[in-house]
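Good morning, and thank you for coming. Please look at the structure on the screen while I speak.

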Amino acid sequence: MPISDDVKAFIPGERVTHAPLGSGVLDGLTFAVKDLFDVAGAITTYGNPDWGRTHPVAAATAPAVMALLEAGGELVGKTKTVELAYGLTGENVWHGTPINPNAPDRFPGGSSCGSAAAVGAGLVDFALGSDTGGSVRIPASYCGVFGIRPSWGAVSLAGACGLGPSFDTCGWFARKASVLQAVGDALLPEDALPNATQLGPLLKLQGVWMNADPATANALLPALEAVERVLGSGPAARVEGPTDILAQAYENFRCAQAQEAWATLGSWVTATNPKFGPGVRERFEAARDMDPAKAAAGRAFRKRFSARVRSLLAGGAVFAFPTSPFPAPLLTASLAEQNAVRERSMGVTAISGLAGLCEVSIPAGRVDGAPVGLSLAAAPGRDRALLDLATRVAAELGLA
């Protein structure tokens, strides 16, 4: 029976579907995949008509999608993405911007916008996305759903279009924490770190909380207290840092990732001269013109930053912080307002991006009627333990 796409989450045209290929933890669940993952027999458009026009029908299905089918999941469609995954609001002028199901007057967040909208509207039980600079975590927060960016490299991105390969990560969304965890059971390797299942203490990154709008921070304090109760290790320990650390993280992430984006996609952009929607061409031009010295400085910063962050989390500690400083921007927000939100937000999302952490966003609060998420982040390789913690926190908060 066709699914009514009342939030315009799916790409236009005939729906890409696939019956389960096995039985397992995902039996009876439906899912969608972001239109940068290949499904055999379908064209991957990557959110842009010229990409679809210049690329062949996929000969094979991406291994991550295959794993979901083999675990009993039923694929019911491919979801919209920002063009070439290079954007954070969720806007797509060619396929149409998905409607944020929990805040229709606001953007859904990108680039995994369609997947978040489909889950938030109840069209599917879970959906696959990708996260380079926040493209699962931000739409999860904006649309009021659970979302995970696993440890970098934990889930295969073979058969998926790339943007910044040393940052690109396969992630997913769900309305229920238990479903988010079940997808992890199908996709993730076993946690291999010593005492990997033991998490704690809880660390409160003061700079990130101060970066958030006061209304967002206040809305998430009850959820922070719930995490403290679940972990049972007392109040979160405050972690201070340089006052400009988020600005540094954003700028260095931006420069390093831009160079990768042009190395990955620049040849196609140059050869094809594709039509782009507002802001996308400008981002690629900035990536093309990135000063190599700035990109090199970004990579050097990443090494230092990652070492520091991982040392804080090495024993099983968990960061807790607002996923985004604000709820989703209004659809009427100016380009300047959107860019300001982007910079403040990506300083936060760059923490896990630069250090390769696993991070779960929990739909834990509302501001002016719009959702905001609380993020929990742990060291690489503690993905399953983090999902288990998120499930226990969701139960403590009374979330479905």
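I shall discuss a helix crossing, a record entry and an aromatic pair.

This is a predicted model, in which local features need pLDDT of at least 70 and side-chain atom pairs count only at pLDDT 80 or more, while totals for chains, interfaces and linings use all residues. Residues are numbered from 1 along each chain as its sequence is written, and side-chain values use heavy atoms, with hydrogens and water left out.

Helices and strands here are DSSP runs, H or I of at least four residues and E of at least two, numbered from the N terminus. The axes of helix α2, residues 63–70, and helix α5, residues 177–187, come within 9 Å and cross at roughly 110°. The two helices are therefore roughly perpendicular to each other, a term that covers angles of 65 to 115 degrees. On the α2 side, Ala64, Ala67 and Leu68 make the contact, and on the α5 side, Val183, Ala186 and Leu187; contact means heavy atoms within 4.5 Å.

Next, the record. UniProt, in an unreviewed entry, lists "domain: Amidase" for residues 23–191 and 275–387. Residues 23–191 are 24% helix and 16% strand, whereas residues 275–387 are 50% helix and 21% strand.

Finally, how many aromatic pairs does a search of the whole structure find? The search finds seven, where ring centres must lie within 6.5 Å. Tyr86 and Phe284 form one that is edge-to-face (planes over 60 degrees apart), with 4.9 Å centre to centre and 70° between the planes. Tyr86 lies in the loop between β2 and α3, and Phe284 in helix α9, 198 residues apart.

Key:
Axes fitted to C-alpha atoms, helices over the stretch in contact; angles between N-to-C directions. Parallel < 35°, antiparallel > 145°, perpendicular 65-115°, else oblique. UniProt positions renumbered as here; feature names shortened; annotations may be inferred. Phe/Tyr/Trp six-rings, centres within 6.5 Å; stacked < 30°, edge-to-face > 60°.
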